[in-house]
Amino acid sequence: MHIRDLIQFLGELSENNNRAWFVMNKPRYDILRAEFLELVGKLIAEISKFDPEVAGCNPKKALFRINRDIRFSHDKSPYKTAFSASITASGLKKPSQGGGPAYYFHIDASGTLLAAGGEYMPPPDRLRTIRQHVIEDAAGFGKVLKNKKLKDAFGDLQDEGKLSRPPKGFSPDAPHIEYIKHKSFIVWKETSLKKKIPADVGKELAAEFRNAYPLIAWLRQAK
């Protein structure tokens, strides 16, 4: 897809985040969305080569809407300034819907490409299930943490929102207690597309997601 055109559009949208501007530039948006949808479709096909469970994911349902939900937000800007998608085996992209582990990526107005794999801020019941799985499969979780490709590509799991104390019901002596304190079980990395745009963004992302697959596979076992 035309990445530079997408970044340009999103940059202008961030400066003119109102319905009048968006309506005037809707033809540009429609073209870029169609290209992004095609990218997601190709990406699903690439991921399916090492993770067949996502083969049935519908590209249209994987895309997030450009419209923001402003009902409970102080920021009344009507549009998101990023194109994003979440590819899951369930076809459900939101954690609140029980989407499960996901391959997520977005391109934003600053030209940043974010690639992520795992579960971000899952609902309380799901989070407790994952934490319990850490204890029940401590050895397996340890292998995921030590996976060379995962570590080289992403580093450690993200600890955004990490608790300072063990969650209720979990002993301070539990295995991997520092990870049990996490509210997300996800890895991600950011790269600037303004510096260099890969010849094939889809294959580049698929390679990153392949590195994240050990975490995805382990999370699917948490039931």
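Two residues are in contact when heavy atoms lie within 4.5 Å. Keep that in mind as we walk through this predicted model, where local features need pLDDT of at least 70, side-chain atom pairs count only at pLDDT 80 or more, and totals for chains, interfaces and linings use all residues. Residues are numbered from 1 along each chain as its sequence is written, and side-chain values use heavy atoms, with hydrogens and water left out.

Let's start with a pair of helices (DSSP runs of H or I, at least four residues, numbered from the N terminus). On the α3 side, Leu 39, Leu 43, Glu 46 and Ile 47 meet Val 201, Gly 202, Lys 203, Leu 205, Ala 206 and Phe 209 of α9. Sorted by class, this contact has 7 nonpolar, 1 polar and 2 charged residues, where Ala, Val, Leu, Ile, Met, Phe, Trp, Tyr, Cys and Pro count as nonpolar, Asp, Glu, Lys and Arg as charged, and the others, Gly among them, as polar.

Now look at two spots in the loops. Most residues other than glycine have a negative phi. Met 121, however, has a positive phi, near 45 degrees, and it sits in the loop between β3 (112-119; a strand is a DSSP run of E, at least two residues) and α5 (124-136). Met 121 is partly exposed, with a relative accessible area of 32%; buried means under 20%, exposed over 50%, and partly exposed in between, using a 1.4 Å probe and protein chains only.

His 176 also has a positive phi, near 55 degrees. You will find His 176 in the loop between α7 (148-154) and α8 (177-180), and its relative accessible area of 25% makes His 176 partly exposed.
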